[in-house]
Amino acid sequence: MIPKRPRLPALAAWLGLSAAAAAGAQVSDNETLEAIAGRIDAIRTESGMASAWLVMVEGQHTVMDQGFGIRAWDDPRPVSETDYYRLGSISKAFTGLALLRAQQLGCLQLDQPLEQFAAPAPHQNRWAASHPLTTAMLMEQTPGWHDMSGFEFKYNEPVSLNQALALRPESRIAQWPPGLHHSYTSSGPGMAAWALEQACQVDFEVFAREQVFDPLQMPSASFNRSDAVDRHRVGGYNTDPKEPIRYWHFLYRPAGALNLRPGDMANFLKLLIHRGKLDGRQVFEPAQIRRLETPTTTLAARAGMRYGYGLGVYSDVADGQLIHAHGGDADGYLTRFAYNPVSKRGFFVVTTMFDHAPLREMRNILESWVVAPLPPAAPESFSPDPDALQALAGSYRRATTRFAREGWRNQTMQIRAGDGRLEYRTSRRWRTLIPVAPDLFRGPDDPVATAFIGPHEGTVYAQGEFGNWVREGAR
């Protein structure tokens, strides 16, 4: 799972703010858009950031499409609507749309074992007989892999997906059975795009242009570096806001290399808010948008939990309301989009500084705006069998890790039962989990189930914001 933003008052410590400042980051529904934009620009200025851009959508309307600051420290012209920014991992959502279109066209099936429609896939899976790898697992990041190797992260040459996957095949060896746990890896969506190329016999970037960007009327969007990007790209900077970072050719472009003019993101947000419809046209089916947002391949998903990582969009909670979102890091640029189809609001924001603290402050304000029109959520509840609850208590050890490091399997989590709920502890503090179904639980401020703790093939697993764990004693 992707960790959610802590709620007040934990939010204050997480952002390095006083409790009063954290509370002031929330938005009332009568706050003007100009006031919100002013707060975003104030955060940019105070952090020393060269520029930022904000897009806000409500209903069918783009209500904000505004840049702040200058193109670069050595180019003090104000940013303009012709400028390009880099999106990082938000790219994955567009790759998810491309795969949904490929499935609609009959090229592939997301849940079909990869070997049935693609050439021999460059990976190793000793559980292939019982847990064959699928494209859905690659996109939901459940292939059982660690994330990209250091060599892959540092590689800075434009290569094809075939060439990229040939560079470090040992980074794609399943460490645990595919289709059990979400563990973030950018090589999964890279291989999913490669599978699309094999199945549809077309270059991924060409397919994305014809089947996603053109129908969404996003003319500037491209996974490739171009003359237009070189001429109009604003400067991206390191944690030191004056230290520039050069253009980085992300090895698996479908997972993190998207370039565009930020205004193009408005149509993407409208498409998601209106369940696949844009300007009166049904570009994608409502079921496809739901699939984009919904995990299916984890143990939690198979137990009925719909909160988690879908095909490049994941669930989050803002002010007690469910939203859908994704963020990105593009070496000098940090990004975030989020939306709620009930409030019909969404936003996209990009900053040009590798410092997450200013972006967190911005997203807190903007996510609060997204859910401001909604009535208070009624959290799910369930009365558990005390004995069944007690059966989940015990000591758990870590089942996955994003990056391989010595001793990672020795980390433990404690779970105890009492008063009709569970508590878990990975450090000193005990945290509460409230039952919403026999194997599903939520945090006190969550409206839906956000954790799974239950049996699978004779072993008890735990999945949630705390990571993926297996009860001690399991093989």
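Let's start with Asp75, which is buried at a relative accessible area of 16%; buried here means under 20%, exposed over 50%, and partly exposed in between, with a 1.4 Å probe and protein chains only. Its partner is Arg77: the two side chains meet in a salt bridge, 2.7 Å from N to O. Arg77 counts as partly exposed, because its relative accessibility is 49%. For the cut-off, a salt bridge is a side-chain nitrogen of Lys or Arg within 4 Å of a carboxyl oxygen of Asp or Glu.

A word on what we're looking at. This is a predicted model, so local features need pLDDT of at least 70 and side-chain atom pairs count only at pLDDT 80 or more, while totals for chains, interfaces and linings use all residues. Residues are numbered from 1 along each chain as its sequence is written, and side-chain values use heavy atoms, with hydrogens and water left out.

Back to the charges. The whole structure has 19 salt bridges. One of them joins Arg71 and Asp83 at 2.9 Å, N to O. Arg71 sits in strand 2 (residues 61-72) and Asp83 in the loop between strand 3 (75-78) and strand 4 (85-86), so this pair ties together parts 12 residues apart in sequence. Both Arg71 and Asp83 are buried. Another salt bridge links Arg275 and Glu293, at 2.6 Å from N to O. And through shared partners, salt bridges join Arg71, Asp75, Arg77 and Asp83 into one network.

Now, for those elements: helices (H or I, at least four residues) and strands (E, at least two) are DSSP runs, numbered from the N terminus.

Next, strand 14, residues 421-425. Gln414 has Arg425 as its bridge partner. The two strands form a hairpin with two residues between them, and Asp419 in the turn has a positive phi of about 55°. On to strand 15 (residues 431-437), which pairs antiparallel with strand 14 over three bridges. There, Leu422 is partnered by Leu433, and this hairpin has five residues between its strands.

Conventions:
Two strands pair if DSSP finds at least two bridges between them.
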